[in-house]
Amino acid sequence: GVHTAKDMYGARGWMAHHNTDIWRATGAVDGAFWGAWANGGGWLSQHLWEHYLYNGNQTFLATAYPVLKGAALFYVDFLIEHPTKKWLVMNPDMSPENAPKAHQGSSLDAGTTMTNQIVFDVFSSTIRAAEILKKDKAFVDTLREMRGRLAPMHIGQHGQLQEWLDDIDDPNDKHRHISHLYGLFPSNQVSAYRTPQLHHAAKITLLHRGDISTGWSMGWKVNWWAKMLDGDHAFQLIKNQLTPVGTNEGGGGTYNNLFDAHAPFQIDGNFGCTSGITEMLMQSDDGAIHLLPALPTVWQNGGSISGLRARGGFEIVSLEWKNGKVVKAVIKSTLGGNLRMRVPNQLKTASGAAFKNAVGQNSNPFFATETIKEPVVSEKATLAPVELSKTFLYDIATKPGQIVTMVTE
């Protein structure tokens, strides 16, 4: 990736394109329509940061930091100022495998939404990692300054989250890629609680694109609808994804051996659907551990799950629910620190004591969230308020190894 950054782009750091294999190729391969996408390295680097957020191991973070720094350094060198909008953007750039009609079939553009979101994450995680490790203060200052010049997200004339800087999305576009929802998942830049306008715009985009698609695309949509806090729609996508291939007109589904159908087989759908089920039952990327954030009606009567891991080294030892409410949750704190819980109903300790209501920002650094710029909103857009179900937010001080038991009142 270092050689590719230098030889193809004249940049420091490292990068990778959309496709690699056992030979570790990082250059542009396959068709130009998707092969010129240059953000594989930036996205991959975030897995290392996520790993740290779950285990809190600073020795691991020190090992991973050069990878994060290298991914950020590539963007530092390759970003340029947009000639009219003046934000820092990548050029050439593309939104994977999709091209607006206004571009007459060309996929190339500058400063696409997904790229801007990935660069924001790379800069943010590198800043935080460097500060934790007490390294590279001058470089952190550079990243913070450049991050402030990145393009904000845009809400277009149809109320949608724009895929491109220009308001050229087609409401009838049913493309299987919805790349600009990276900011919703796997990133946490779009939030029902912190950025409600963007959250609603992402919902409009999902509705425009529709449900039926290839198997892996429907796997993604399970996660996105879970992040919409809409369990019933997420469950519908699970059913769509598990439909025998050939049943959904124009879509994929699943083969008889349960392999995801693109076609041919792509593991994204299998892993993605599993991830989505997890997101329906527990989320931990929006400042708190949120239990049952998107429980579908068909699971309301009761159920249980165990072994889920959350940020900050917290393990959901067991979670039981009935009638859509948490009956009992047993949580182990491996690292200690503040345990902030968002739950659908009031809970108490096993001994009957009340939990402390949460106020302000979560003091646990593993749950820190970044400030997202206000979106640029089209004058033609009609914005609707985001309606959220009532939840309860608790703060619980924990020590390493402590077990916290929560039961319904």
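Q: Is Arg311 buried or exposed?
A: This is a predicted model, in which local features need pLDDT of at least 70, side-chain atom pairs count only at pLDDT 80 or more, and totals for chains, interfaces and linings use all residues. Residues are numbered from 1 along each chain as its sequence is written, and side-chain values use heavy atoms, with hydrogens and water left out. Buried means under 20% relative accessible area, exposed over 50%, and partly exposed in between, with a 1.4 Å probe and protein chains only. Arg311 has a relative accessible area of 6%, so this residue is buried.

Q: Which residue forms a salt bridge with Arg311?
A: A salt bridge puts a side-chain nitrogen of Lys or Arg within 4 Å of a carboxyl oxygen of Asp or Glu. For Arg311, the closest N and O atoms of the pair are 3.0 Å apart, and the partner is Glu50.

Q: How many residues apart are Arg311 and Glu50?
A: Helices (H or I, at least four residues) and strands (E, at least two) are DSSP runs, numbered from the N terminus. Arg311 sits in the loop between strand E11 (308-310) and strand E12 (314-322), while Glu50 belongs to helix H3 (residues 40-55). The pair links distant parts of the chain, 261 residues apart.

Q: Is Glu50 buried, partly exposed or exposed?
A: Its relative accessibility is 27%. Glu50 therefore counts as partly exposed.

Q: How many residues apart in sequence are the parts tied together by Asp136 and Lys69?
A: The two side chains meet in a salt bridge, 3.2 Å from N to O. Asp136 lies in the loop between H5 and helix H6 (137-147), and Lys69 lies in helix H4 (residues 58-78), so the pair ties together parts that are 67 residues apart.

Q: What is the relative accessible area of Lys69?
A: Asp136 is partly exposed at 27%. Lys69 is partly exposed too, with a relative accessible area of 28%.

Q: Which residue forms a salt bridge with Asp286?
A: Asp286 lies in the loop between strand E8 (282-283) and strand E9 (289-291). The closest N and O atoms of the salt bridge are 2.6 Å apart, and the partner is Arg194.

Q: How many salt bridges does the structure hold?
A: Some share partners: Glu81, Lys86 and Arg149 are joined into one network that way. The total for the structure is 16.

Q: How far apart are the end C-alpha atoms of helix H5?
A: The expected span of a helix is 1.5 Å times one less than its number of residues. H5 (residues 113-133) has 21 residues, so H5 should span 30 Å. The model agrees, with the end C-alpha atoms 30 Å apart.

Q: How many of the 21 residues of H5 are buried?
A: H5 is largely enclosed by the rest of the structure. The reason is the number of its residues that are buried: 19.

Q: Which residue takes a positive phi just after H5?
A: The angle is about 55°. The residue is Lys134.

Q: Is H5 roughly parallel or antiparallel to H6?
A: Axes are lines fitted to C-alpha atoms, for helices over the stretch in contact, and angles run from 0 to 180 degrees between N-to-C directions. The two axes come within 10 Å and cross at roughly 150°. Angles under 35 degrees count as roughly parallel, over 145 as roughly antiparallel, 65 to 115 as roughly perpendicular and the rest as oblique. That makes H5 and H6 roughly antiparallel.
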